[in-house]
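Hi,

Here is the structure I promised to pass on. Have a look at it first, then read my notes below.

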Amino acid sequence: NQSMRAIIQRVLQGSVVLAETGETVSQIGRGLVVLVGLFQDDTAADAEFMVRKVLNTRFWPDEAGRAWSKSVVDMGFEILLVSQFTLCGSLKGNKPDFHSAMGGDLSKPMYEKFVADVAAAYSADKVKKGVFGANMHVGLINDGPVTLQMDSRKFSYDQDQPILAVASKIARKESMGKKKTSSSSSTPLSPSEGQE
């Protein structure tokens, strides 16, 4: 299982230009450029989580200079949301594979609703978007740089956890076995034998 993924970048400016025509379809000043990837099993709950995180994560310092104190909403900055199915990719050898990505027939309405939900929770005139499925040139000036990857479900960060848990159990058993072996030794060492 995977979960909705976003790459969130703090920017001085951002824009989306259609590759075929050169038309600028969206642009923002200071704020966030958010690349959005939808996996096959993503649900409304994943999107709701991501709406909250995009709007509430504290990317900016406050007036006193304390880092990571103000969100995009606190600052009154803009947001540019761009769909990007390649965030759901993995490698098979050297070739990218995107079978985990949600199909366009489902992901387009989910992406459009995500954009609408962000706008409704914040301010429609401060939320811009790319063109779903289009070949786009996404431009930005990253401020920092500051970039965060967010996944809507915690388990997506812990895919190796079952393997690590098994390895940890084996290590504990081996350690306990060594302790039992050393404590059951019937011949105690003399002081001289115990020193190197």
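How many bridges join β1 to strand β10? There are 13 of them, and the two strands, β10 being residues 136-151, run antiparallel. One example to find on your screen is V17, which stands opposite H137 in β10.

Before you go further, some ground rules. This is a predicted model, so local features need pLDDT of at least 70 and side-chain atom pairs count only at pLDDT 80 or more, while totals for chains, interfaces and linings use all residues. Residues are numbered from 1 along each chain as its sequence is written, and side-chain values use heavy atoms, with hydrogens and water left out. Helices (H or I, at least four residues) and strands (E, at least two) are DSSP runs, numbered from the N terminus. Two strands pair if DSSP finds at least two bridges between them.

Back to β1, which covers residues 5-18. Of its 14 residues, 11 are buried, so the strand is mostly covered (buried means under 20% relative accessible area, exposed over 50%, partly exposed in between, with a 1.4 Å probe and protein chains only). β1 also pairs with β3 (residues 31-37), antiparallel again, over seven bridges. There, R5 has G37 as its bridge partner. The hairpin of β1 and β2 has five residues between the strands, and in it G22 takes a positive phi near 80 degrees.

Last, the charged pairs. Side chains of opposite charge can pair when their charged atoms come close. A salt bridge here is a side-chain nitrogen of Lys or Arg within 4 Å of a carboxyl oxygen of Asp or Glu, and by this rule the count comes to 12.

D143 forms a salt bridge with R10, with the closest N and O atoms 3.5 Å apart. That pair links distant parts of the chain, since D143 is in β10 and R10 in β1, 133 residues apart. Both D143 and R10 are buried. D143 also forms a salt bridge with R30, at 3.9 Å between the closest N and O atoms. R30 sits in the loop between β2 and β3, 113 residues from D143. R30 counts as partly exposed at 39% relative accessibility, whereas D143 is buried at 17%.

Another pair is E112 and K129, whose side chains meet at 2.7 Å, N to O. E112 lies in α3 (residues 104-121) and K129 in β9 (residues 127-129), so the pair ties together parts that are 17 residues apart in sequence.

Cheers
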